[in-house]
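Colleague: I should like to learn how to read the features of a structural model. May we go through them in turn?

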Amino acid sequence: MSEDPAHPPPPSRPRTIVHHTQTGAVVRWDAPSAEQIADSIPGLKVLELCGVGGMGAVYRAEQHRLGRTVAVKILPAAIAPDEEARIRFEREARILSGLNHPHVLQIHDFGKLPDDTLYLVTEWASGGDLAKLLDGRAHSMTQVRDWVRQIADALGAAHAQGVIHRDLKPANVLVLSDGRLTLADFGLAHTTQPAGSNPLTSSGALFGTFEYMAPEQMESAGLVTPATDLYALGVMVYQMLTGRVPRGAYARASRLAHVPAQVDAFINRAMANDPAKRPGDAAEFSRLFDQACRAPERRRHRQLITLGVALVILTLSWARLAIVRAEKKAAEAEARVVEIIRRNTPTRPTPPVTDAQATESTASDTP
Ligand SMILES: Nc1ncnc2c1ncn2[C@@H]1O[C@H](COP(=O)(O)OP(=O)(O)O)[C@@H](O)[C@H]1O
Ligand SMILES: [Mg+2]
């Protein structure tokens with residue numbers, strides 16, 4: 001599967017995988033173009049290369065017989081010379097077929113090509129992955145609640161089957177055409193009920209993606225439990241709400257987004273170093289997150305009532321002041337009118353008092 005110079009890769013899409021084998025060898029592999037493998041997979045027409053991950057490439061394809069669009073993931077023999085990578089790929093197929101859940105990617109087929117390339121045919125997620133949807137932005141609490149509920153549902157189903165995903169991150173959650181989220185890439189999954197003969201962690205290598213990795217997973221791949229996935233989901237909650245991945249001494253989510261302090265406390269718990277301090281299971285994770293998100297609504301309600309009461313008091317005081325002023329003005333106007341009337345009323349002339357009248361008056365006053 002070499003590069004076809006007639007069909008150079010789109011510049012924005014990386015197509016090369018650098019793989020470190022168990023023996024320490026470094027293998028470079030260029031994903032073939034869709035045209036190069038168009039008719040290689042039985043029953044499919046490969047149409048477009050749409051993603052290159054750590055362990056192979058993913059293409060959009062059409063399934064002739066059913067006339068539907070599907071995704072096909074290939075693991076070429078070139079990057080899987082060691083048994084472990086191949087076992088992981090096969091295990092991913094078995095895990096997917098055992099998990100029949102509306103939020104877990106559906107598998108349609110699995111097989112091997114004559115050149116030893118393994119392939120996995122799954123339902124097509126036309127919305128791409130959640131990393132693309134998040135787009136480095138902060139999203140509303142209502143939206144995040146809905147996403148968390150779907151992912152936690154899928155994790156709950158996987159954990160119930162003894163499957164721990166171990167590489168939960170936005171790039172491994174896909175978006176279906178109806179907007180539903182679906183959990184994908186169980187390539188690093190660990191099963192407590194072994195689906196193959198070899199243990200997945202035989203090489204002792206660290207699996208997962210650093211930012212989403214729980215402390216116990218960094219310490220030893222063998223220490224993972226369902227709580228390891230819940231830690232990663234906690235990281236995703238912070239990322240979805242704030243648009244940032246928590247690193248080092250990260251800021252509280254409530255300082256970066258309109259979320260209540262209860263959400264900060266929830267994230268701290270989900271990302272607790274001690275797995276025993278995290279929510280007990282995926283269902284509890286979902287329930288506690290919902291509870292934390294509902295807190296602000298009550299607080300906002302109280303704030304609205306306080307604001308309303310303050311407004312009423314203010315309006316009444318203003319009205320009282322206006323009445324007092326109006327009364328004062330009316331009184332002043334009345335006083336002015338009285339004064340004007342008084343000034344304009346002609347005073348009647350008083351005739352001068354005669355001497356006789358004066359004597360008469362004095363005589364009548366004498367007892
Ligand atoms: N079913 C699918 N539909 C659409 N895109 C997919 C599908 N599966 C994978 N992809 C794309 O390919 C990328 C890599 O796929 P993934 O299964 O995570 O493989 P890897 O193990 O190589 O990381 C995903 O992040 C997504 O963008
Ligand atoms: Mg992946």
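Modeller: Let us begin with helices: helices (H or I, at least four residues) and strands (E, at least two) are DSSP runs, numbered from the N terminus. The expected span of a helix is 1.5 Å times one less than its number of residues. This is a predicted model, in which local features need pLDDT of at least 70, side-chain atom pairs count only at pLDDT 80 or more, and totals for chains, interfaces and linings use all residues. Residues are numbered from 1 along each chain as its sequence is written, and chains are lettered from A and ligands numbered from 1 in the order in which they are written.

Colleague: What span should helix α5 have?

Modeller: Its 17 residues, 226-242, should span 24 Å, and the end C-alpha atoms are 25 Å apart, which agrees. After α5 comes Gly 243, with a positive phi near 85 degrees.

Colleague: How many residues of α5 are buried?

Modeller: A residue is buried if 20 or more other C-beta atoms lie within 10 Å of its own, exposed if 12 or fewer, and partly exposed in between, with C-beta atoms placed from the backbone. In α5, 17 of the 17 residues are buried, so the helix is largely enclosed by the rest of the structure.

Colleague: Is Asp 185 buried or exposed?

Modeller: Asp 185 counts as buried because it has 23 C-beta neighbours inside 10 Å. It sits in the loop between β10 (181-183) and β11 (190-191), and its phi is positive, near 55 degrees.

Colleague: And Asp 135: buried or exposed?

Modeller: Asp 135 has 8 such neighbours inside 10 Å and therefore counts as exposed. Its loop joins α2 (130-134) and α3 (141-160).
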